[in-house]
Amino acid sequence: MTARRIVSIWLPRFPMARWERAEATTPRPDPAPWDDPAPVPDADAPLVLAAEGPHGPVIHAANAAAMQAGAVRGGRVTDARALCPDLQVIPADLAGDAAALERLVLWARRWCPWSAVDGADGMVLDTTGSDHLWGGEAAMLADMETRLEALGQPVRIALAPTHGAAWALARYGDAREICGGPALKARVAMLPVAALRLDGTTLLTLRRLGLKRAGDLMAIPRATLERRFGRDGKALATPLRRLDQMTGVLPEPVVSAAPPRRFRVVRRLPEPVMDPQPLLEEPMAHLCADLAQAGCGLRGLRLELYRTDGTATRLESGCARANRDAAHLIRLLSRHFESLDAGFGFDTLSLEALRVEDMAAAQVRLDGGIDSELAVATLIDRLSARLGGQAVQMPDPRASHLPERAEGWAPALRGGRADLLAPGGLGGGGMVAPARDRPVRLLQVPERIEVLYAVPEGPPVRFKWRRKPYLIRRHQGPERIAPEWWRARPGTRLRDYYKVEVTEGARYWLFREGMAGDGRGDEPDWFLHGMFA
């Protein structure tokens, strides 16, 4: 029987390297005219990614400059800032890191069929019988390191007969170390007790007892370790259990998660055709039937057409919500056939579902009408297919009480806000509405106006906007909105908003920026920010 060969891949800078790669490749949008220029994080300056802890934010990851300044992973951000006042703190994306690591585990199956997540910053692969495909174990580890570093992830890799030994050697051994079966016990005996994957309390107890290496534990009678740290059946991470797993006495299989199901239909045509559109009905119905059987729907659809000369054409369309209506999906692809180059004809086509989501069966309305939510999603799909995905956008409420920041726009096909597709979502109950009434039209940039008022802190009496005077007949307010101190520049002034109605009947939304004598500038300025219906 072939001895098991386990590869442990440690990504020591996984969260920080992922953030740095995203920061370098993602284009930064231009700030809105009313926004203060956001500081651009400097990757060379001390910077940490922070996550919520039991007693405040803790350091999830840190760059080299922050670690040299005293930042320690797991330490509190306040302590790190006391050592380094210039420390930059960015919120950590824990869910995004976990999802990215799961995708990386599936990507790593290019080397072997079995791979799994190993903690928050590692992977484990069972490469038994796979190394000969890569020219040997050393060449395979070198290829792993080269490919992962090309993705911006520095790694440490080790190969051993057990998961525990490979994990320990990747973190405490030599670079790309390979350990054979006969030398396993002697090699792991030289490793520190921290290589046994124990909790901090147990490690502290071992150090206090003078047990610094795994070999020191091997020299102690098993009954003594069981009495001191618990029996094997009562704890999962006792020193004795971890030692047995490392040396191969206890089995520790690699539990490889099943890859996500791929919904794809391929049709090879008996003879080349110039127009494949009439042939899409049968494979599309088959694809939608597979999705319905699995209780899923697709948010993206890919059609690949292969010509007789070997050239492939790829066409893609998206959906605003999960869909498995064959007729609707065929209509989304129809615009691509207007400028399709068939060459000498197509002999193979394939349909693949992208971004598959759960989709429950919907109850058909008794009156035979069309569900409003489905109708809006269908309209978005057709407009996006005709005009482009970026041309059709939907409101995207933001977490801000400032009017100009409380709402943005996001492409409708990317989901933007799913609740906007709910009944009443376009201006009704599904919309995340502010607590107070807001104008129907909000100016992109508030425009300065000249105001005459009776008292400095009172409502305006008349104002001039765009060289036209207006007499205010009635008003309502003020509504005070304070600046967002966590993002505003020093000296930013508060606002007092007034709803006013002029003699002509029009209603406007005015605000006074600042107060007289607030110590943040000269006399307050007045602005017009919006118009009511």
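Modeller: Trp 111 is buried, with a relative accessible area of 2%, whereas Trp 107 is partly exposed at 24%. Here buried means under 20% relative accessible area, exposed over 50%, and partly exposed in between, with a 1.4 Å probe and protein chains only. This is a predicted model, in which local features need pLDDT of at least 70 and side-chain atom pairs count only at pLDDT 80 or more, while totals for chains, interfaces and linings use all residues. Residues are numbered from 1 along each chain as its sequence is written, and side-chain values use heavy atoms, with hydrogens and water left out.

A pair of aromatic rings is described by the distance of the centres and the angle of the planes. Rings of Phe, Tyr and Trp (its six-membered ring) pair if their centres lie within 6.5 Å; planes under 30 degrees apart count as stacked, over 60 as edge-to-face and the rest as tilted. Across the whole structure, nine aromatic pairs are found. The centres of the Trp 107 and Trp 111 rings are 5.4 Å apart and their planes stand at 90°, so this pair is edge-to-face.

Elsewhere, Phe 463, Trp 465, Tyr 470 and Tyr 508 form a cluster linked by ring pairs. A ring can also have a charge over it: the charged end of Arg 495 lies over the ring of Phe 511, 4.8 Å from its centre. That description requires NZ of Lys or CZ of Arg within 6 Å of the ring centre and within 35 degrees of the ring normal.
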